[in-house]
Amino acid sequence: MYGKEHSSATMADGTEIPEHVVRRCGEIIEEESIDFDWKKGDVLFLDNMALLHGRRPSLPPRKVLVATCK
């Protein structure tokens, strides 16, 4: 969300996160990212409390099934 008009990410004191910090975070995310070689029928479970997760652009069809629990 950095650089967006309504960014929700700020420093603890409410100030804007410096651009160099955001850029370095992006570099670290790329360095630590893992790509999965998806095959039909694959399922992936993620622990939202332990991981930073996202996705890269993909081609259709894309089917997302989500369940949340405690």
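How many salt bridges does the structure hold? The structure holds 4 salt bridges, and some of them feature in the views below. Keep in mind that this is a predicted model, where local features need pLDDT of at least 70, side-chain atom pairs count only at pLDDT 80 or more, and totals for chains, interfaces and linings use all residues. Residues are numbered from 1 along each chain as its sequence is written, and side-chain values use heavy atoms, with hydrogens and water left out.

**View 1. Arg24, Glu27 and Glu31 are linked in a network of salt bridges.** Side chains of opposite charge can pair when their charged atoms come close. Here, a salt bridge is a side-chain nitrogen of Lys or Arg within 4 Å of a carboxyl oxygen of Asp or Glu. Arg24 pairs up with Glu27, their closest N and O atoms being 3.2 Å apart. Arg24 and Glu27 are separated by about one helical turn because they sit 3 residues apart in helix H1 (helices are DSSP runs of H or I, at least four residues, numbered from the N terminus). Arg24 also meets Glu31 in a salt bridge (3.2 Å, N to O). Arg24 has 37% relative accessibility, so it counts as partly exposed, while Glu31 at 53% counts as exposed (buried is under 20% relative accessible area, exposed over 50%, partly exposed in between, with a 1.4 Å probe and protein chains only).

**View 2. Asp37 and Lys39 meet in a salt bridge.** Their side chains come to 3.0 Å, N to O. Asp37 is exposed, at 62% relative accessibility, and Lys39 is exposed too, with a relative accessible area of 51%.

**View 3. Ile34, Phe36, Trp38, Leu44, Leu46 and Leu51 make a nonpolar patch on the surface.** Leu46 lies in the segment after helix H1 (19–32), and its 39% relative accessibility makes it partly exposed.

Notes. Patches are made of residues with over 30% relative accessible area and no salt bridge: like charges are joined within 9 Å, nonpolar side chains (Val, Leu, Ile, Met, Phe, Trp, Tyr) within 5 Å. Accessible areas come from the Shrake-Rupley method with a 1.4 Å probe; for residues, only the protein chains shown count as cover. Helices (H or I, at least four residues) and strands (E, at least two) are DSSP runs, numbered from the N terminus.
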